[in-house]
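Please keep the sequence and the structure in view while reading.

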Amino acid sequence: MIKDIEPAECLEMLKNNYLGHLGYVSGKSPFVVPITYFYDIEENSILSYSSNGHKIEAMRDNKVISLQVENIQSIQNWKSLQVHGLFEELLGSTAKKYLHKFALGVQATIEHSNGKKPKFISDFSIRLQERQMPIVYRINIIDIIGKTRVTKE
């Protein structure tokens with residue numbers, strides 16, 4: 001049986017993960033790409049970053065996006081949530097502040113889920129090794145929808 005996930009459980013799932021699939025529209029075509037993210041509980045938003053390119057250009061043009069996060073044990077046992085939100089590019093010292101918050105948050109999430117804290121940001125994020133400052137962005141959450149299927153064995 002498939003049922004809705006309560007909002008509090010959706011937020012907990014969002015908090016306990018750091019990998020998701022970002023959905024955005026470029027022109028008339030939808031795109032979905034994997035991203036590393038951090039759920040900022042204090043501001044009820046998603047933090048991430050990217051190099052300047054197709055994804056960033058598309059989100060600047062059409063700020064409506066989605067983020068999908070799932071926990072799949074099997075075809076009979078899974079949870080999935082979808083965040084709907086608005087893209088916001090962060091600039092200057094604000095971008096640096098939130099990039100630091102992102103890095104610390106993802107490290108803590110990995111440590112909580114795996115019991116082992118990454119020593120270096122490059123352990124989970126190669127792009128931060130580039131010479132120029134990445135584009136740091138926030139997804140301001142509008143709503144979250146969650147579904148689950150659990151079959152008793």
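Contact here means heavy atoms within 4.5 Å. Helices (H or I, at least four residues) and strands (E, at least two) are DSSP runs, numbered from the N terminus. The model is predicted: local features need pLDDT of at least 70, side-chain atom pairs count only at pLDDT 80 or more, and totals for chains, interfaces and linings use all residues. Residues are numbered from 1 along each chain as its sequence is written, and side-chain values use heavy atoms, with hydrogens and water left out.

Helix 3 spans residues 92-114. Its 23 residues reach 33 Å from the first C-alpha to the last, close to the 33 Å expected at 1.5 Å a residue; the expected span is 1.5 Å times one less than the number of residues. Among its buried residues are Y98, L99, F102 and I110, where buried means under 20% relative accessible area, exposed over 50%, and partly exposed in between (1.4 Å probe, protein chains only). The buried residues of this helix pack against helix 1 (7-15), strand 3, strand 4 (38-40), strand 5 (45-50), strand 7 (77-90) and strand 8 (135-150).

Strand 3 (residues 29-36) in turn pairs with strand 2 (residues 19-26) in the antiparallel sense over 8 bridges; two strands pair if DSSP finds at least two bridges between them. The two strands form a hairpin with 2 residues between them, and G27 in the turn has a positive phi of about 65°. S26 has S29 as its bridge partner in strand 3. Strand 2 also pairs with strand 6 (residues 64-74), antiparallel over 3 bridges, and there the partner of G23 is S66.

V33 belongs to strand 3 and is partly exposed, at 23% relative accessible area. Leaving aside residues up to four places away in sequence, V33 touches G20, H21, L22, Y24 and K55. K55 is 22 residues from V33 in sequence, with 8.8 Å between their C-alpha atoms.

Rings of Phe, Tyr and Trp (its six-membered ring) pair if their centres lie within 6.5 Å; planes under 30 degrees apart count as stacked, over 60 as edge-to-face and the rest as tilted. By this rule there are 3 aromatic pairs. Y24 and F31 are stacked, 5.6 Å centre to centre with 15° between the planes; Y24 is buried at 5% relative accessibility, whereas F31 is partly exposed at 31%. The pair F87 and Y137 is tilted, because its centres lie 5.6 Å apart and its planes stand at 45°. F87 lies in strand 7 and Y137 in strand 8, so this pair ties together parts that are 50 residues apart in sequence.
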